[in-house]
Amino acid sequence: MRAADRRTIVVCIGNELIADDAVGFEIYRRLAGCRARLEFCGVGGIDLLPLLQGETDLIVADAVELGAPPGHLHVLPWDCLPATATAISAHGLGLRETIEIGRILYPDAMPERITLVGVEGRCFNRTREFMTPEVADAIDAAVGRIRELLGEQA
Amino acid sequence: MKRTIRIDPVTRIEGHAKIFINLEEDGSLRNAGLVVNELRGFEKILIGMEADRMPHITSRICGVCPTAHHLAASNALDYAAGVKAPPAAMLLRELMYMGHIIHSHSLSIFVLQGPDLVLGLDADPAVRNVVGIVQANPELARIALRLRTIGQKLNEMVGGRGTHPVTSVAGGITFVLDREKQRIMQEWVSEARALLPVITPAVKGLLLKALELHPSMASDWATPSWSLGTVLNDRVSLIEGRLRAVDETGAVRLEFPVEDYDRYLVETVVDWSYMKKVHLHLDGEHEYRVGPMARMNAMRRFGTELADAEYEEFSKLGGYPCHLTVFQTYAKLVETIWAIERSDQILNDPAIWGETRVPVTFKGGRGVGHSEAPRGTLIHDYQIDEQGIVRAANLIVATQQNYAIINRSVEQAALSHVIGKPDDQALLNAVEFSIRCYDPCLSCATHALGRMPMEIEITRSDRTVRTIRR
């Protein structure tokens with residue numbers, strides 16, 4: 001497929017009221033006007049599915065807890081996405097499971113290339129003004145990587 | 001020897017569940033329970049804020065039941081200001097809420113509890129998850145997700161936003177219906193109604209199959225308790241009405257307006273969990289349940305044709321009052337049917353076209369209001385000063401009220417799966433299932449990607465003998 005035929009949707013996820021979780025919202029704000037369909041989700045999970053309209057590429061921007069130092073930028077292709085274990089309450093369905101479900105139910109609407117741009121967070125139990133400095137500093141880098149992925153100038 | 005349970009604040013916030021099972025030296029059960037933290041921080045955050053922001057701020061407590069907080073807060077403010085929202089506003093709030101119920105229950109039935117029913121309690125957890133349920137029956141999953149989307153769209157059109165609605169305010173609602181929106185919503189509701197003949201037998205079939213595979217669910221897994229729900233005009237109601245408590249036998253013991261809740265519902269601190277548990281006090285202390293099944297135990301009529309017929313079926317299978325944990329799923333189905341029918345009624349009620357807002361001022365005082373959240377009664381109680389600033393806030397959420405019953409279910413699971421049985425996998429499944437029937441909301445604070453494990457600590461005479469993690 002030629003680059004011109006690719007269509008990308010960027011979905012930014014996060015609660016803008018919670019310290020490091022707000023990172024998805026900040027990325028969303030700074031990406032305004034980018035060369036892709038841009039969407040924001042307060043929470044991820046299964047609500048992601050109706051947003052996908054057959055784009056070839058999906059970029060998900062979110063705060064993550066994968067054990068790296070705070071502010072670490074993870075750029076993970078689909079096959080490196082962490083699986084979420086069965087939980088007592090599955091309210092927080094993971095990205096990987098969501099896409100797997102989408103591939104079974106709505107195969108035509110699912111993107112072929114999926115990238116997670118995750119910023120490692122540390123603080124998820126305080127309000128917005130307590131965003132970890134390293135996380136705040138990583139927002140521009142995350143936006144830059146997404147713009148690179150979109151083929152724009154970083 | 002003193003038992004020590006370590007609760008790491010970060011893991012609590014992330015939605016980890018910690019369960020303890022304490023045994024005596026002879027191996028018999030001393031006690032068992034779920035350790036959890038929820039919501040308490042929010043009561044402090046609200047202090048010092050303008051009261052009229054409460055419906056917007058409190059809806060952010062939760063991404064799962066934001067509309068329940070949005071409307072409980074609106075009701076509390078109406079009470080504080082001494083106004084009654086106009087009939088059209090109440091109808092539109094209710095319509096928003098019915099959308100929310102359809103959305104929340106379809107997720108809960110098919111996604112949260114579905115895996116247990118579809119794949120069976122003993123299935124490998126690697127497949128006993130949402131992906132597994134979708135694989136097992138993609139057609140049903142597609143329909144269930146469509147129903148969920150319809151609920152979300154109704155909620156969004158009236159509420160102004162998809163996940164955290166904004167239109168309900170003190171004194172009414174800022175949304176005004178027009179013919180075009182009425183037509184669109186009518187189409188959605190008709191589509192939802194058309195899905196019922198597929199959904200209803202499918203869910204019932206799954207439940208019956210689960211009971212066939214695990215007959216003990218219909219006998220041992222009963223937790224008799226009092227039930228609390230909201231009634232209005234001799235029917236179940238969700239955002240308006242009086243609270244009614246029935247005892248284990250279904251006898252009506254108490255009915256009260258929500259502002260009197262603190263006379264009967266008493267919060268107590270337990271030393272092993274951040275969540276306060278709530279008991280009902282009336283001639284002694286009673287454990288009680290809230291939620292879909294409790295609402296049906298408290299009031300046996302919905303006032304719509306299909307829901308009332310389905311409730312008949314429900315009582316035939318589950319008895320009255322129903323105390324079978326596993327029947328929560330069926331109760332949610334009955335409420336989903338009702339929510340669709342009730343949306344239809346509201347959309348065709350001429351009163352929906354009236355005035356939607358009255359002016360409001362806060363002269364200082366208390367604001368108490370409630371809603372029946374998908375998981376049960378939700379109460380907001382604010383002290384508001386004469387400048388309209390919140391000075392104190394108390395929130396009672398469903399999971400707190402179900403806490404005693406949840407812990408009793410964990411004990412039942414422990415009794416049937418721990419005592420003399422070394423099978424960790426079966427224990428984890430049983431404990432998980434018993435808790436999940438109450439659909440507790442443990443993971444409100446963050447959705448960040450990562451694992452959400454469960455940890456069970458088993459002690460014998462205060463020594464840790466086993467810690468199981470998933």
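## Exercises on a predicted model

In this predicted model, residues 24 or more positions apart supply 76% of the chain A contacts that have a separation of 6 or more.

**Exercise 1. Which pattern does chain A follow along the sequence, and how many helices and strands does chain A have?**

Solution. 
- Step 1: Count the elements. Chain A has 3 helices and 5 strands.
- Step 2: Read along the sequence. The pattern is β-α-β-β-β-α-β-α.
- Step 3: Of the 154 residues in chain A, 48% are buried.

**Exercise 2. Describe the open sheet of chain B that has the order S13-S14-S15.**

Solution. 
- Step 1: The open sheet has 3 strands, and their pairing is antiparallel.
- Step 2: Find the edges. Strand S13 (365-373) and strand S15 (390-396) of chain B are the edge strands, as each pairs on one side only.
- Step 3: Take the twist. From one strand to the next, the twist averages 15 degrees.
- Step 4: Look at one pair. S13(B) and strand S14 (residues 376-384) of chain B run antiparallel and are joined by 9 bridges. B:Ser371 is opposite B:Leu378 in S14(B).

**Exercise 3. Is B:Val390 buried or exposed?**

Solution. 
- Step 1: B:Val390 is in strand S15 of chain B.
- Step 2: Apply the cut-off. Buried requires 20 or more other C-beta atoms within 10 Å. B:Val390 has 24 within 10 Å, so B:Val390 is buried.
- Step 3: List contacts. Leaving out residues up to four places away in sequence, B:Val390 touches B:Leu46, B:Ile47, B:Gly48, B:Met49, B:Ala51, B:Met54, B:Tyr382 and B:Ile384.
- Step 4: Check one partner. B:Met54 is 336 residues from B:Val390 in sequence, but their C-alpha atoms are 8.8 Å apart.

**Exercise 4. Why is B:Ser434 classed as buried, and which residues are in contact with B:Ser434 beyond its neighbours within four places in sequence?**

Solution. 
- Step 1: B:Ser434 is in helix H15 (residues 424-436) of chain B.
- Step 2: B:Ser434 is buried because 27 other C-beta atoms lie within 10 Å.
- Step 3: Name the partners. Neighbours within four places aside, B:Ser434 is in contact with B:Thr325, B:Ser409, B:Val410, B:Gln412 and B:Ala413.
- Step 4: Take a distance. B:Ser434 and B:Ala72 are 362 residues apart along the chain, and 28 Å separates their C-alpha atoms.

Definitions and conventions: Residues are numbered from 1 along each chain as its sequence is written. Chains are lettered from A and ligands numbered from 1 in the order in which they are written. This is a predicted model: local features need pLDDT of at least 70, side-chain atom pairs count only at pLDDT 80 or more; totals for chains, interfaces and linings use all residues. Helices (H or I, at least four residues) and strands (E, at least two) are DSSP runs, numbered from the N terminus. A residue is buried if 20 or more other C-beta atoms lie within 10 Å of its own, exposed if 12 or fewer, and partly exposed in between; C-beta atoms are placed from the backbone. Two residues are in contact if their C-beta atoms, placed from the backbone, lie within 7 Å. Two strands pair if DSSP finds at least two bridges between them. Axes are lines fitted to C-alpha atoms, for helices over the stretch in contact, and angles run from 0 to 180 degrees between N-to-C directions.
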